[in-house]
Amino acid sequence: MALVNSFSPGFHGRARALTDRLPPGQYPTESFPVLSAGPTPRVATDTWLFTVTTELGETRSWTWDQMMALPQEDTVQDIHCVTRWSKFDTRWRGVPLDAFLEDVETRAGHVVVSSHGGYTTNMPLADLRGGKAWLVHGYDGFALSPEHGGPARLLVPHLYLWKSAKWVSGLRLTTEDEPGFWESVGYHDYGDPWREQRNWGD
Ligand SMILES: Nc1nc2c(c(=O)[nH]1)N[C@H]1C(S)=C(S)[C@@H](COP(=O)(O)O)O[C@H]1N2
Ligand SMILES: [Mo]
């Protein structure tokens with residue numbers, strides 16, 4: 001009995017925590033599916049550039065070595081794909097987007113994120129600030145694999161994973177909201193998994 005009693009609170013605690021962490025309509029998975037709209041591009045780090053372009057056309061770029069010289073952060077995040085799988089406690093290493101945005105003068109409220117291969121996705125600029133979005137190059141202790149967006153991808157875990165552009169090449173700050181690849185064919189403009197914003201109109 002002592003065993004049952006000592007187990008019960010912990011068991012119920014974990015069970016509750018699991019449902020608290022699972023957005024509506026999602027199921028948890030241990031695997032890490034690959035979802036790409038096209039072939040995996042080969043992106044070399046010696047020619048890699050990450051470019052921020054303002055609404056006035058001013059640009060600021062970081063080479064791979066410059067990006068790696070910025071303060072690095074390890075972060076553990078739950079990720080949620082609109083195809084309904086969620087993966088808990090994914091471990092990433094990279095640079096908070098704030099580091100690329102702090103010296104940028106802008107009045108823009110929106111961003112279009114671009115990737116090698118042509119993929120784009122849009123979001124409010126505020127969603128990339130405040131330590132909740134990263135340019136990541138490490139996953140689970142290793143260099144991020146090409147199929148998951150290596151050498152570097154965006155990670156915006158509070159939005160559905162289609163917003164986390166793989167093989168990211170830059171940000172374009174815009175005054176008007178411009179839909180990206182999936183957003184222009186019916187995916188929700190914002191994509192909050194907790195409000196189940198899967199499709200346009202949700
Ligand atoms: N460049 C690029 N980024 C992308 C995609 C893509 O096709 N191209 N797919 C998006 C979608 S729909 C999802 S669900 C996630 C999948 O990331 P994963 O393949 O690492 O699981 O990447 C997102 N980022
Ligand atoms: Mo997706």
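Reader: Why does His188 count as buried?

Author: His188 has 11% relative accessibility. Buried means under 20% relative accessible area, exposed over 50% and partly exposed in between, with a 1.4 Å probe and protein chains only. The 11% of His188 falls under the 20% limit, so His188 is buried. Before we go on, a word on the ground rules. This is a predicted model, in which local features need pLDDT of at least 70 and side-chain atom pairs count only at pLDDT 80 or more, while totals for chains, interfaces and linings use all residues. Residues are numbered from 1 along each chain as its sequence is written, chains are lettered from A and ligands numbered from 1 in the order in which they are written, and side-chain values use heavy atoms, leaving out hydrogens and water.

Reader: Thanks! Where does His188 lie, and what does its side chain reach?

Author: His188 sits in the segment after β11. Helices (H or I, at least four residues) and strands (E, at least two) are DSSP runs, numbered from the N terminus. The side chain of His188 comes to 2.9 Å from the backbone nitrogen of Tyr190. Beyond neighbours within four places in sequence, His188 is in contact (heavy atoms within 4.5 Å) with residues including Trp162, Lys163, Glu183 and Trp200.

Reader: What makes Asn122 count as buried?

Author: Asn122 has 0% relative accessibility, so it is buried by that rule. Asn122 is found in strand β7, residues 120-124.

Reader: How do you know that a polar contact joins the side chains of Asn122 and Asp177?

Author: A polar contact is a pair of N or O atoms within 3.5 Å; within protein, one must be able to donate a hydrogen and the other to accept it, and residues adjacent in sequence count only if both atoms are side-chain atoms. The Asn122 and Asp177 side chains are joined at 2.9 Å, and the limit is 3.5 Å. A polar atom of the Asn122 side chain also lies 3.0 Å from the backbone nitrogen of Gly180.

Reader: Which residues touch the most other members of the largest nonpolar core?

Author: They are Phe50, Val52, Leu97, Phe100, Leu128, Leu135 and Leu171, out of 35 residues in that core. At least two core residues come from each of β2 (49-53), α2 (64-69), α3 (98-101), β6 (110-115) and β11 (168-174). With 3 residues, β11 gives the most. In soluble globular proteins, nonpolar side chains tend to be buried together.

Reader: Which residues are the closest to ligand 1?

Author: Pro33, Ala37, His148, Arg153 and Lys166 are the closest of the 19 residues that surround ligand 1; a residue is near a molecule or strand if one of its heavy atoms lies within 4 Å of it. A backbone N or O atom of Pro33 is 2.6 Å from an oxygen atom of ligand 1, and for a backbone N or O atom of Leu35 the distance is 2.9 Å. A polar backbone atom of Ala37 is 2.7 Å from a ligand 1 oxygen atom.

How values were computed:
A nonpolar core is a set of buried Ala, Val, Leu, Ile, Met, Phe, Trp, Tyr and Cys residues joined through side-chain atoms within 4.5 Å.
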